[in-house]
Amino acid sequence: QVQLVESGGGLVQAGGSLRLSCAASGSIFSIRAMGWYRQAPGKQRDLVAGITSSGVTNYADSVKGRFTISRDNAKNTVYLQMNSLKPEDTAVYYCNAVQFGRFGVQEDYWGQGTQVTVSS
């Protein structure tokens, strides 16, 4: 199985920056995509940004232009650079990885979640 280890969450003031990291380890066969989701209190978990193994990115409209997702395929690590943070960015951020396993079975993995709090 694949384990996702996140780091970089914390408390930051509005307008500040934060960089999240997520490293995948374990029985990695072929990572198809990695991404970041977030869930604020009382809301559903939504995609923040995703990136495929080929580097194609996708962003939620609310973060486009402020957040940047990147990936180091050699390290099986995904990053989320968050700039110009707003209080509404406050949420638990979850790392996600999708891969095709040894026999082509799609597998979906989640990190434990890391709290990002943006104060005003």
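## Ground rules

Residues are numbered from 1 along each chain as its sequence is written, and side-chain values use heavy atoms, with hydrogens and water left out. Because the model is predicted, local features need pLDDT of at least 70 and side-chain atom pairs count only at pLDDT 80 or more, while totals for chains, interfaces and linings use all residues.

Strand 9 spans residues 91-100. Strands here are DSSP runs of E with at least two residues, numbered from the N terminus. Eight of the ten residues in strand 9 are buried (buried means under 20% relative accessible area, with a 1.4 Å probe and protein chains only).

Which way do strand 4 and strand 9 pair? They pair in the antiparallel sense, over nine bridges. Two strands count as paired if DSSP finds at least two bridges between them. W36 has C95 in strand 9 as its bridge partner. Strand 11 (residues 114-119) also runs antiparallel to strand 9, joined by three bridges. There, T114 of strand 11 stands opposite Y93.

Strand 10 (residues 106-110) pairs with strand 9 over five bridges, again antiparallel. N96 faces W110 of strand 10. Strand 9 and strand 10 form a hairpin, with five residues between them. In the turn, G104 has a positive phi of about 80°.

## The largest pocket

The largest pocket has a volume of about 240 Å³. A pocket is an open set of points on a 1 Å grid over the protein atoms alone, where a 1.4 Å probe fits, with protein on both sides within 12 Å along at least five of seven lines. Its volume is the space filled by probe spheres set on the points.

Lining residues have an atom within 4 Å of a point. There are 15 of them, and R38, K43, D46, S62 and E88 are the closest to the centre of the pocket. Strand 4 (30-39) and strand 5 (46-52) each give two or more residues to the lining. Strand 5 gives the most, with three. By class, the lining has five nonpolar, three polar and seven charged residues.

T77 lies in strand 8 (residues 77-82). Is T77 buried or exposed? T77 is buried, because its relative accessible area is 8%.

Leaving out residues up to four places away in sequence, T77 touches C22, A23, M34, S70, R71 and D72 (contact means heavy atoms within 4.5 Å). S25 is 52 residues from T77 in sequence, yet 9.1 Å away in space, C-alpha to C-alpha. A polar atom of the T77 side chain lies 3.0 Å from the backbone oxygen of K75.

Note on methods. Helices (H or I, at least four residues) and strands (E, at least two) are DSSP runs, numbered from the N terminus. Ala, Val, Leu, Ile, Met, Phe, Trp, Tyr, Cys and Pro count as nonpolar, Asp, Glu, Lys and Arg as charged, and the others, Gly among them, as polar. Buried means under 20% relative accessible area, exposed over 50%, partly exposed in between (1.4 Å probe, protein chains only). A polar contact is a pair of N or O atoms within 3.5 Å; within protein, one must be able to donate a hydrogen and the other to accept it, and residues adjacent in sequence count only if both atoms are side-chain atoms.
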